[in-house]
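Here are a few notes to go with your first look at this one. Have the model open while you read.

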Amino acid sequence: ANQGKKGPKRDTGHPHCTATPLEEVVSLLLLEMRLGGRGILRISVLGITSNIGSPFHLTTSIRKSTHLTMSDQPTSTTSLSGSKHILFDLPVSNNGARCRIILYKKGIPKEEVDLVSPMALGGLKSDEFLKLNPAGLMPCLSIQKPENKYGISALSESDTIARYLISEYASVGPSFLGDHPLSNQIARWHDMYLTTIQGAMYKTSERLPFGNYADRKSAISAYRKNLAVIERFMGNDTGMFLCGNEVSLADATLFPSMVFASYILPKFDDSVAALPPKLAKWYENLKCNDEVFATVYAEIQGVLENSWEAKGRWNDIWLAGKTDSAPGTLFDKIIAGEIPASVVKEDDHLLAFKDINPMAPAHILVIPKDRSGLTNLRQASAEHTDILGRLLIAAGEIAKDTELGFGDGARIVINDGSDGGQEVMHLH
């Protein structure tokens with residue numbers, strides 16, 4: 001970055017790298033790497049912009065005559081690149097990575113498709129980016145070529161972009177088996193049942209629910225179950241790729257998400273293998289023996305380790321950085337059936353039973369089966385929204401049961417903490 005430039009240099013802590021302070025570099029950081037062949041070059045950029053976070057470790061692949069543009073100053077697509085297409089994406093984007101795999105495998109040059117950070121338009125929620133993708137999500141492909149016959153200037157959603165690239169550059173490189181039933185089945189299953197809930201692995205509780213799952217534990221469990229479904233789709237084929245000896249869209253789609261899964265799932269339960277055995281073997285084989293997949297692995301893994309992990313991404317995420325470490329209680333033994341109880345209502349989420357020391361003619365305790373840190377109400381967070389609602393609904397239903405001794409209503413009480421009269425540290 002310093003070559004041919006004036007201004008002070010600073011030590012980056014890397015034996016082969018020095019850098020000019022960001023404030024003294026032009027606002028648009030343009031990295032142009034021209035390679036004589038079609039090889040892959042890995043570069044690291046430290047402390048790119050305050051929008052991304054500093055220091056930030058970005059590892060990316062630069063194809064022949066490809067630019068990676070990073071900027072913290074908003075601009076427009078017309079002034080950003082003269083390429084026929086612009087793929088807005090970041091290295092950590094596992095869904096965008098399927099599109100990058102296609103570009104890298106086919107060797108598509110920068111003149112055809114430029115890789116640009118959304119930060120160059122001011123970020124995902126900037127007016128310029130929202131004009132391209134109203135959802136404000138990565139990846140997004142801007143179609144700038146003058147002979148555009150489709151009447152659309154931008155494409156959203158990674159599968160749509162990937163299939164467009166496969167079709168647009170069908171005569172170049174591998175075909176990615178666009179019509180292969182198994183490839184399409186795996187790619188579709190991934191998009192419907194993994195992508196929709198993957199946020200449970202790294203998003204805060206404010207982003208709940210995750211897909212159809214109201215709590216993180218259920219979403220993580222469903223993610224693992226759907227990995228097992230994909231494992232069953234694989235059969236016993238011994239080829240390098242999911243559909244044999246030729247790379248497919250399924251490989252490009254699934255592999256980046258497995259980088260996430262293999263790194264993050266052990267944070268929730270390291271007693272269980274992150275990936276099922278056949279998936280794990282396929283994943284390790286591509287990571288170690290295919291240059292393009294190894295490059296995408298480095299792109300994603302670099303951010304997970306050097307940015308997300310370094311900044312404590314999982315410190316406050318329930319079941320990863322935070323767990324229920326409080327001692328067990330009498331209620332755990334009742335739930336386990338070790339102590340008898342007069343149960344009046346039970347389902348997968350809660351248990352209601354008569355108090356052994358009733359303070360009224362009808363006195364019922366309603367408790368969550370999985371305490372999940374709810375020793376008392378003060379420990380509640382957005383992670384507990386679903387179970388708290390279930391407990392209140394159950395209490396209301398029980399209070400209508402005249403056979404239990406209830407009449408026209410009931411007093412519903414939550415004692416919170418020792419000062420509130422709570423004796424058993426399990427929310428009830």
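How do strand β7 and β9 pair, and over how many bridges?

1. Strand β7 (residues 85-88) pairs with β9 in the antiparallel sense, over 4 bridges. Pairing here asks for at least two DSSP bridges between the strands, and a strand is a DSSP run of E with at least two residues, numbered from the N terminus. Histidine 85 has isoleucine 143 of β9 as its bridge partner.

2. A word on the source: this is a predicted model, where local features need pLDDT of at least 70, side-chain atom pairs count only at pLDDT 80 or more, and totals for chains, interfaces and linings use all residues. Residues are numbered from 1 along each chain as its sequence is written, and side-chain values use heavy atoms, with hydrogens and water left out.

3. Back to β9, which also runs antiparallel to strand β10 (residues 154-156), joined to it by 3 bridges. Opposite serine 142 you'll find alanine 154 of β10.

4. Are the faces of β9 (residues 140-143) buried or exposed? Both are covered: Cys140 and Ser142 are buried on one side, Leu141 and Ile143 on the other. Buried means under 20% relative accessible area, with a 1.4 Å probe and protein chains only.

5. Now the helices. Asn94, Ala97, Arg98, Ile101 and Ile102 in α2 meet Leu249, Ala252, Thr253, Pro256, Ser257 and Phe260 in α7, where contact means heavy atoms within 4.5 Å. By class, that contact has 7 nonpolar, 3 polar and 1 charged residues; Ala, Val, Leu, Ile, Met, Phe, Trp, Tyr, Cys and Pro count as nonpolar, Asp, Glu, Lys and Arg as charged, and the others as polar.

Definitions and conventions: Buried means under 20% relative accessible area, exposed over 50%, partly exposed in between (1.4 Å probe, protein chains only).
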